[in-house]
Amino acid sequence: MAVDFRDSETKDNLMRAFAGESQARNRYTFGAGQAKKEKQEVISRVFLYTAEQEKEHAEIFYKHLKELAGETIHVDGGYPVDLTEDLAELLRMAQHNEYEEHDDVYKKFGDKAKEEGFDDVARSFYNIAEIEKFHGDRFGRFAEFLEQNRLYVSDVKCGWICLNCGYICESNRAPERCPVCDHDQGYFIRLELSPFADGTGK
């Protein structure tokens, strides 16, 4: 059922996603500052690494709204207040939020976009949902490292990662272009060379 974009739920969902990704970026930047104060540089960099990918997701969602440039979209939404002095707990909060985006929010947004006839938007929601799952896995693993006093022990799996948006694939060569953010092959490096690459820590 194709609908006019201006009358669609998809345009509202895009703005909700843009707001959510923008707030996540700020929360992770705040988390990085807290970690740096505690002299946990690795945790600080995990937060910043993810924050930059959230910025890219926000931009991808925002660009889908181009035809409404100059207008205001009014939406409601609920967003988390993640405040704690415990870094492991802060990572667990971030993990929960990323899983929520993957398990519930973006898949539903993608389904609605597909139903309304916006296949490009649906692909963005589905692809970014998978990236958020990976983010949640990484946050959870670093929380576990802190909880078990094993922070810097990691055995990274091989693969390819987009340094721009975080898309990950297993292959013997990098994609010619990223299917999520459309950056060229030069943005991919071997996963084992990427900081905080796979979240398994083996």
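What does the secondary structure of the protein chain come to? It comes to four helices and three strands, where helices (H or I, at least four residues) and strands (E, at least two) are DSSP runs numbered from the N terminus. Along the sequence these elements follow the pattern α-α-α-α-β-β-β.

This is a predicted model, in which local features need pLDDT of at least 70 and side-chain atom pairs count only at pLDDT 80 or more, while totals for chains, interfaces and linings use all residues. Residues are numbered from 1 along each chain as its sequence is written, and side-chain values use heavy atoms, with hydrogens and water left out.

**Burial and core**

The protein chain has 202 residues, of which 48% count as buried. Buried means under 20% relative accessible area, exposed means over 50%, and partly exposed lies in between (1.4 Å probe, protein chains only). In soluble globular proteins, nonpolar side chains tend to be buried together. A nonpolar core is here a set of buried Ala, Val, Leu, Ile, Met, Phe, Trp, Tyr and Cys residues joined through side-chain atoms within 4.5 Å. The largest such core holds 24 residues, and Leu14, Phe61, Leu65, Tyr106, Phe125, Cys165 and Val180 touch the most other members. Helix 1 (9-37), helix 2, helix 3 and helix 4 (119-147) are the elements that give two or more residues to this core. The most comes from helix 4, which gives six residues.

**Salt bridges**

Side chains of opposite charge can pair when their charged atoms come close. A salt bridge is counted when a side-chain nitrogen of Lys or Arg is within 4 Å of a carboxyl oxygen of Asp or Glu. By this rule there are 15 salt bridges. The table gives three of them.

| Pair | Closest N to O distance |
|---|---|
| Glutamate 59 and lysine 63 | 3.3 Å |
| Lysine 108 and aspartate 104 | 2.9 Å |

Glutamate 59 and lysine 63 are four residues apart in helix 2, so about one helical turn separates them. Glutamate 59 is partly exposed at 31% relative accessibility, whereas lysine 63 is exposed at 56%.

Glutamate 147 counts as partly exposed, at 45% relative accessibility. Arginine 92 is also partly exposed, at 29%.

Lysine 108 and aspartate 104 both belong to helix 3 and lie four residues apart, about one turn of the helix. Lysine 108 is exposed at 54% relative accessibility, and aspartate 104 is partly exposed at 32%.

**Two loops**

The loop between helix 2 (41-63) and helix 3 (87-115) contains glutamate 85. Glutamate 85 is exposed, with 69% relative accessibility.

Aspartate 182 is in the loop between strand 2 (168-169) and strand 3 (188-190). Aspartate 182 is not a glycine, yet has a positive phi of about 65°. Its relative accessible area is 46%, so aspartate 182 counts as partly exposed.
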